[in-house]
Amino acid sequence: MVVIAVIGTAICIPLALIIPWFPARGSIQAGNVRTLYTVLLIATVPIFVLVETVVLFSVWKFRMRPGQEEMDGPPIHGNTRLEVVWTAVPAILIVSLCTYAYTVLRSNEASKKGEMTVNVTTRQFAFEFSYPISPGKQVVSPVLYLPNDKPVVFKIRSLDVIHSFFVPSFSEKLDAVPGIVTTLRVTPNRLGTYPVECTELCGAGHSLMRSSAHVVSPAEFTAWLRSQPINGPPPVGSPPANVIQAVPGYAVVPGAGSSSSASPSTSSSSSSASSTSAAAGKAVFTGQAGCSGCHTLAAAGATGTVGPDLDVRLRTDCANPASQKVRGTTLQQCIETAITDPYKYLPSGYSAGIMPPNFSQRLTPTEIQALVNFLSSAAK
Ligand code: CUA
């Protein structure tokens, strides 16, 4: 039995280690977490294999045979030595692994020398990152830029419901809870672009609540920061005044609110929508913009029911005089406003706060133009 367990272990440990469980590691903390995970695997696989071997052997060896249905099993009393061993060994193992995990947690959460503060503000359904420059001055951005090898402390807030800030490659995640500020520390150590995700079901647009983290060289980071407008309007839009008051430390930016595009020239979009054709627009609709998740549109094979049915409402709503007054009279103008400033005109029966208000930042002007061309051709 021991031989089988040893052979099983010898097969299972390399197998467990060879499987890529995690995305590319992008931070010092991710390295610590993954080493911990490897140690846990190596410690637990032999125990699992041994226990399963004993279980399967016992099921086979001590199975009930024909004619034994009415018989009692043999009377067995305790074995003190065995009981001491099977209590002491797991206890030692668990205490050691917990101690190790605790030290990893402590070291990942410890404040680092010269760390840079980035404020993360969340709301349905967008992230906003702000970089304090000096008292009263900050740079706000819908995408996260970080200098490589520089410790960062994220101060995370929520303007509405509970969200969760997660960059899988950093192996760190923390909830954004309304009314309090939560703190997360990361030291990115690998250049690249990584997805940022909300991992708390926060409403109909939860699956669209994404951004990207760009880890760049310190020089590139400084250049990017300099190129950004100081105290630009918050990309996630201005929350109502009563919400701002409820959020400690939320900087109210004067004149914010109108989505006068701060146009962060982050045309790092790796999409292939280099043209504004209707076909490119369809790709944006079903792809990175995520419109299909909420809207019905036959031309895109979309069947979402969260937002207005575009097959029906696109033409009727854009022909509505109340809409034409605020969104413009042509179909093209109407569609463009509906994408970039969705609550300027609200179709009856739908409420504000569902459609992400930041598509003018999340999509490039080319992608928006492609979407407008696609939707206006689909509406004819
Ligand atoms: Cu925010 Cu899910």
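**Entry 1: a residue to begin with**

Does Leu144 count as buried or exposed? I looked up its relative accessibility, and at 0% Leu144 counts as buried. My cut-offs are relative accessible area under 20% for buried, over 50% for exposed and partly exposed in between, with a 1.4 Å probe and protein chains only.

A note before going on: this is a predicted model, where local features need pLDDT of at least 70, side-chain atom pairs count only at pLDDT 80 or more, and totals for chains, interfaces and linings use all residues. Residues are numbered from 1 along each chain as its sequence is written, and side-chain values use heavy atoms, with hydrogens and water left out.

Leu144 lies in strand 4. I take helices (H or I, at least four residues) and strands (E, at least two) as DSSP runs numbered from the N terminus. Next I listed the contacts of Leu144, counting heavy atoms within 4.5 Å. Leaving aside neighbours within four places in sequence, Leu144 touches Val118, Phe129, Tyr131, Phe154, Phe165, Ser211, Ser212, Ala213 and His214. I also checked Val120, which is 24 residues from Leu144 in sequence and 9.2 Å away in space, C-alpha to C-alpha.

Which way do the side chains of strand 4 point? Leu144 and Leu146 point one way, Tyr145 and Pro147 point the other way, and all are buried.

**Entry 2: the sheet around strand 4**

I traced an open sheet of five strands in the order 4-10-9-6-7, with mixed pairing. Strand 4 (144-147) and strand 7 (172-176) stand at the edges with a single partner strand each, so one side of each has no neighbour in the sheet. From one strand to the next, the twist averages 20 degrees.

A reminder to myself: strands of a sheet pair through backbone hydrogen bonds, either parallel or antiparallel. I call two strands paired if DSSP finds at least two bridges between them. Going along the sheet, I noted these pairs:

- Strand 4 and strand 10 are parallel, with four bridges, and Tyr145 has His214 in strand 10 as its bridge partner.
- Strand 9 and strand 10 run antiparallel and are joined by six bridges; Pro195 stands opposite Ser212 in strand 10.
- Strand 6 (residues 163-167) and strand 9 (residues 192-198) pair antiparallel over two bridges, and Phe165 has Cys198 in strand 9 as its bridge partner.

What packs on this sheet? Helix 4 (residues 218-227) does, touching strand 4 and strand 10 (210-216), and its direction makes about 140 degrees with that of strand 4. Such angles run from 0 to 180 degrees between N-to-C directions, with axes as lines fitted to C-alpha atoms, for helices over the stretch in contact.

**Entry 3: backbone details in the loops**

I looked at three loop residues here. A cis peptide bond joins Gln124 and Phe125, with omega about 0 degrees. Phe125 sits in the loop between strand 1 (116-123) and strand 2 (126-134).

Asp149 has a phi near 65 degrees, a positive value in a residue other than glycine. Asp149 belongs to the loop between strand 4 and strand 5 (152-158), and at 53% relative accessibility Asp149 counts as exposed.

Ser171 also is not a glycine, and its phi is positive at about 55 degrees. The loop between strand 6 and strand 7 holds Ser171, which is buried with a relative accessible area of 16%.

How many residues does helix 11 have? I found 14 (residues 365-378), and the helix reaches 20 Å from its first C-alpha to its last, close to the 20 Å expected at 1.5 Å a residue. That expected span is 1.5 Å times one less than the number of residues.

The buried residues of helix 11 are Glu367, Ile368, Ala370, Leu371, Val372, Phe374, Leu375 and Ser376. They pack against helix 6 (278-286), strand 11 (296-297), helix 7 (310-319), helix 9 (331-340) and helix 10 (359-362).

In helix 9, I found Cys334, Ile335, Thr337, Ile339 and Thr340 buried. Their cover includes helix 7, helix 8 (321-327), helix 10 and helix 11.
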